[in-house]
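Here is a short report on one protein chain. Look at the model first, then read on.

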Amino acid sequence: MSAAFWILSALALIGALLAVTLRNLVHCVLSLILFFLGIAGHYFLLRADFLGAVQILIVLFSTTALVVGLCKVEERFLVHRGKLTGSV
């Protein structure tokens, strides 16, 4: 139990730090997934299985929407600056 706690804590901490420091939007979102999965693991360690499952479902649906939205915003930004050709 103690080893699992420290592994999940390190996973969540690394995910949070990477989400703040990385410059690529997609990599930041993947780091946020890592962070939220670490938090969900803590819920499972606390025997709060329902909260852990809800956390995972929220992470899956919200990050999917976030990635799609960020890709659209980044594409419009690059087209506006002339770095990407194509229609929006």
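L18 is partly exposed, with a relative accessible area of 33%. On this scale buried means under 20% relative accessible area, exposed means over 50%, and partly exposed lies in between (1.4 Å probe, protein chains only). L18 sits in helix α1, residues 2-21. Together with I14 and L22, L18 forms a nonpolar patch on the surface. The three residues share about 220 Å² of accessible area. Patch members have over 30% relative accessible area and no salt bridge; nonpolar side chains (Val, Leu, Ile, Met, Phe, Trp, Tyr) are joined within 5 Å, like charges within 9 Å. A salt bridge is a side-chain nitrogen of Lys or Arg within 4 Å of a carboxyl oxygen of Asp or Glu. Areas come from the Shrake-Rupley method with a 1.4 Å probe, and for residues only the protein chains shown count as cover.

The model is predicted: local features need pLDDT of at least 70, side-chain atom pairs count only at pLDDT 80 or more, and totals for chains, interfaces and linings use all residues. Residues are numbered from 1 along each chain as its sequence is written, and side-chain values use heavy atoms, with hydrogens and water left out.

The protein chain has three helices and zero strands. Its order along the sequence is α-α-α. Helices (H or I, at least four residues) and strands (E, at least two) are DSSP runs, numbered from the N terminus. Of the 88 residues, 17% count as buried. The chain exposes about 6,400 Å², and carbon and sulfur atoms supply 74% of that area. Among contacts (heavy atoms within 4.5 Å) between residues at least 6 apart in sequence, 38% join residues at least 24 apart.

Helix α2 covers residues 25-45, 21 residues in total. From first C-alpha to last it reaches 31 Å, close to the 30 Å expected at 1.5 Å a residue. That expected span is 1.5 Å times one less than the number of residues. Buried residues in α2 include C28, V29, S31 and H42.

G41 also belongs to α2. G41 counts as buried because its relative accessibility is 13%. G41 and L51 are ten residues apart in sequence and 10.0 Å apart in space, C-alpha to C-alpha.

After α2 comes R47, in the loop between α2 and α3 (49-80). R47 is exposed.

| Residue | Relative accessible area | Class |
|---|---|---|
| G41 | 13% | buried |
| L18 | 33% | partly exposed |
| R47 | 69% | exposed |
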